[in-house]
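Thanks, everyone. I have one chain to walk through today. Let me put it on the screen.

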Amino acid sequence: GLFFFSARFTQQNLPIYPPQKVQRIATEVSTAVRAFPSLIPEVARFTFDNGSFVNLLRLRGTIPINYRGGSYSIPIAIWITQFHPDRAPVTYVISTGDMEINPTHRHVDKAGLVYHGYLNQWKPSHNIIGLIHELINIFSGATPLYQRQTPKPLEQPKISHNISSSGDNQRKRYVATTAVHT
């Protein structure tokens, strides 16, 4: 588990990370995974806006939030750059097949990139577990995802000139339909 990850990360010593920072990064990641077992540490390709890429350490998985009385799991990805802990991790909320990014969220853009004071005013004393707790707090106040709406085909209303008989037929049809569905 965590010991294996920490040992493998240290031995693998991805060349992108300065050797003097590797132990701190491994400790922060291990602490986060211990506290939130749904987060998985992995090495993945991070692509920059200009198309170049680099292999970075990423925590991927879900974090728990309570929103309006319900418990939800928000999928995230925390990319630990080669400048950690001097600069903030690049953090995304991940949309899923049935959930999409809230386009009006105050702290998440339409691509899922997270903007928040904890990240924007990052200090070397900040850490990944602190970031995750901040994300849980802000997302519990305003969820960054919402249920994807599937468009329903437009139905043309049926207009009848004989109101009383069509009303009886409509009621019978409704009762029969609801009886079948319930």
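Predicted model: local features only at pLDDT ≥ 70, side-chain atom pairs only at ≥ 80, totals over all residues.

The chain has 182 residues. Its secondary structure comes to five helices and six strands. Read from the N terminus, the order is α-α-β-β-β-β-β-α-α-β-α. So much for the order of elements.

Now burial and surface. Buried residues are 38% of the chain. What about contacts? Take those with a separation of 6 or more: 53% of them join residues 24 or more positions apart.

On to the pockets. The largest pocket holds about 270 Å³ of space. Its lining has 14 residues. Which of them lie nearest the centre? Phe46, Thr47, Phe48, Val90 and Tyr92. Two elements give two or more residues to this lining: S1 and strand S4, which spans 90–93. S1 has the largest share, with three residues. By class, the lining of the largest pocket splits into eight nonpolar, three polar and three charged residues.

The second largest pocket has a volume of about 160 Å³. Its lining includes Tyr67, Tyr72, Ser73, Ile74 and Pro75. Which strand gives the most here? S3, with four residues. Strand S3 covers 70–80, and strand S6, covering 145–147, also supplies at least two. How many charged residues are in this lining? There are no charged residues; the classes are seven nonpolar and four polar.

Last stop, leucine 39. Where is it in the chain? In the loop between helix H2, residues 19–35, and strand S1, residues 40–47. Is leucine 39 buried or exposed? Leucine 39 counts as buried because its relative accessible area is 1%, and the cut-off for buried is under 20%.

Which residues does leucine 39 touch, leaving aside neighbours within four places in sequence? Val33, then the run Leu59, Arg60, Gly61, Thr62 and Ile63, and also Ile76 and Ile132. Look at Thr62 in that list. Threonine 62 is 23 residues from leucine 39 along the chain, yet their C-alpha atoms are separated by 6.1 Å.

To recap: leucine 39 sits in a loop, and it is buried. S1, the strand on one side of that loop, gives the largest share of the lining of the largest pocket. That's my tour.

Terms used
Residues numbered from 1 in each chain as written. Heavy atoms only, no water. Buried < 20%, exposed > 50% of the residue type's maximum accessible area, 1.4 Å probe, protein only. Contact = heavy atoms within 4.5 Å. 1 Å grid on protein atoms, 1.4 Å probe; cavity = no way out; pocket = protein on both sides within 12 Å on 5 of 7 lines; lining within 4 Å. Points joined across faces, edges and corners; volume = space filled by probe spheres on them. Nonpolar A, V, L, I, M, F, W, Y, C, P; charged D, E, K, R; others polar.
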